[in-house]
There are 2 protein chains.
Amino acid sequence: MSGPADTRTRILDVARELFATQGIESTTMRAIAAGVGTSAPAIYHHFADKDALLRELMVTDLRRLGASFARAMRVPDPVDRIREIGMTYVRFGLDHPQHYRVLFMTPNAKSAALEAEVARDLEATPEMDAYHLVVQAVTAAIEAGRFGPDYQDPERVAQICWGMAHGLVALDIVFAKQTWIEWRDPLISAERSIRAMLRGMQEGAPNR
Amino acid sequence: MSGPADTRTRILDVARELFATQGIESTTMRAIAAGVGTSAPAIYHHFADKDALLRELMVTDLRRLGASFARAMRVPDPVDRIREIGMTYVRFGLDHPQHYRVLFMTPNAKSAALEAEVARDLEATPEMDAYHLVVQAVTAAIEAGRFGPDYQDPERVAQICWGMAHGLVALDIVFAKQTWIEWRDPLISAERSIRAMLRGMQEGAPNR
DNA sequence: CGCCGAGGTTAACAGCGTTAAGCTGGAGCC
DNA sequence: GGCTCCAGCTTAACGCTGTTAACCTCGGCG
């Protein structure tokens, strides 16, 4: 026995490992059960269904992502803070590609259910809500007169920043290993692209 | 005539419709067959499997995407051309979200098979290879001294541009309908973000 | 005429997530 | 101690999926 531990937590451990290595949809409940050493239906005594299992893993990861922003939030200058949040986000995506894929690259009804659950979670800990942290930083930058006239809507600017970070991570996950493209280190690309974007948005600003 | 047409092309038509409306994995072969008016196994007389069917649709769509760049390529200024390519790309993604998802948001072994097939295709028609069109435009801009010192690698700059466009489209597909976010019109966001990014990359350039 | 392959049929298979029904052992209570 | 009860597990099975096997049918052709 590599330690009985709680069956429930062992299910989570095995599932996380299999989801990350084999991918989510090709990981079967029976395979998870085999890894835990039980039968497949036993899992349903601990989780409603495969989605609930996945959801629990994702919430954990989202929390970890949120927690990792703590350092970035201490950057005083709002524009610098936006960059630091972006880089933290990119690092998270590159470090946990499989979970990133489920969290941010998979559209479906279930993700609505997830979002509902997460939304409830985040209400309790607003300092972990990545998107709204960006909105806050952007708002601060705008109020400080750091952005140009076309970049005065915090929501839109936040979405643009998120888009930039997400785009590079997502492309890395899908295409990095493809042979027809000479894929560059996404961390460096991310740093430069965020910098370029922020510079471009600062053009024409009152307090550049 | 909604007439008989070719069974093969009718399969393609029905599949495209169902894939786009119901989503790909929740569209069953039996449903496609029902739409065509045959039995499911009949499909296998025309396509090796569901992937082959999907692949054929994707190749068609990629061709259409490639063709839509023709207009953008006539823009003389290389920096303006990059922006126009980007906007064309974004419009394509927003117009065909389901196919975009399969083409650019789905990592798996099959997509490697697809890419191999597409690569062969594109060798014959290089003017349709979206990525290399961007690389060309970027190279032209760099040679004209339009970009700053950190933006002299055409591959990296092309990947940054692609990332920006892809990010907004991908976020739109996954999160636009979510309630916890006030999602802005992605076309406008795309125009402004590409503009900001290009401006930022031009900073410190010899021929700004 | 004979045949033969393209294009279709129905039946079936293995694998999936999931559910139903039943067993078991230990905690809680009188 | 004896009783109940239920969490936690079992095996069997269901309905669905993509896919295959085996068979039919019919038009074109030497």
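Between domain 1 of chain A and domain 2 of chain A, 6 residue pairs are in polar contact, counting pairs with both residues at pLDDT 80 or more. The structure is a predicted model, and every value below is computed from it.

- On the side of domain 1 of chain A that touches domain 2 of chain A, the elements that give two or more residues are helix H1 (7-22) and helix H2 (29-36) of chain A.
- H1(A) gives the most to that side of domain 1 of chain A, with 7 residues.
- The rule finds 3 salt bridges across the interface of domain 1 of chain A and domain 2 of chain A.
- A salt bridge joins Arg101(A) to Glu25(A), and the closest N and O atoms of this pair are 2.8 Å apart.

**Extent of the domain interface**

- Chain A is divided into domain 1, which covers 1-47, and domain 2, which covers 48-202, and the C-alpha centres of these two domains of chain A lie 29 Å apart.
- In terms of contact, 17 residues of domain 1 of chain A meet 15 residues of domain 2 of chain A.
- The two domains of chain A bury about 1,400 Å² between them, and 66% of that area is on carbon and sulfur atoms.
- Within domain 1 of chain A, the residues that lose the most area to domain 2 of chain A are Arg16(A), Ile24(A) and Phe47(A), which together account for 43% of what that side buries.

**Glu155(B), with contacts in both chains**

- Glu155(B) lies in helix H9 of chain B, which spans residues 154-175.
- Leaving aside residues up to four places away in sequence, Glu155(B) touches Glu182(A) and Arg184(A) in chain A, as well as Tyr131(B) and Val135(B) in chain B.
- Although Glu155(B) is buried, it has no salt bridge, and the nearest side chain of opposite charge, that of Arg184(A), is 5.3 Å away; a salt bridge would require a side-chain nitrogen of Lys or Arg within 4 Å of a carboxyl oxygen.

- Not counting residues up to four places away in sequence, Thr7(B) touches Val36(B) and His46(B).
- Thr7(B) and His46(B) are 39 residues apart along the chain, while their C-alpha atoms are separated by 8.6 Å.

Note on methods. Residues numbered from 1 in each chain as written. Chains lettered and ligands numbered in written order. Predicted model: local features only at pLDDT ≥ 70, side-chain atom pairs only at ≥ 80, totals over all residues. Heavy atoms only, no water. Helix = DSSP H or I, 4+ residues; strand = E, 2+ residues; numbered from the N terminus. Buried < 20%, exposed > 50% of the residue type's maximum accessible area, 1.4 Å probe, protein only. Lys, Arg positive; Asp, Glu negative; His and termini not counted. Contact = heavy atoms within 4.5 Å. Domains from an automatic or database assignment. Buried area = accessible area lost by both parts, 1.4 Å probe. Polar contact = N/O pair within 3.5 Å; in protein donor to acceptor, adjacent residues only side chain to side chain.
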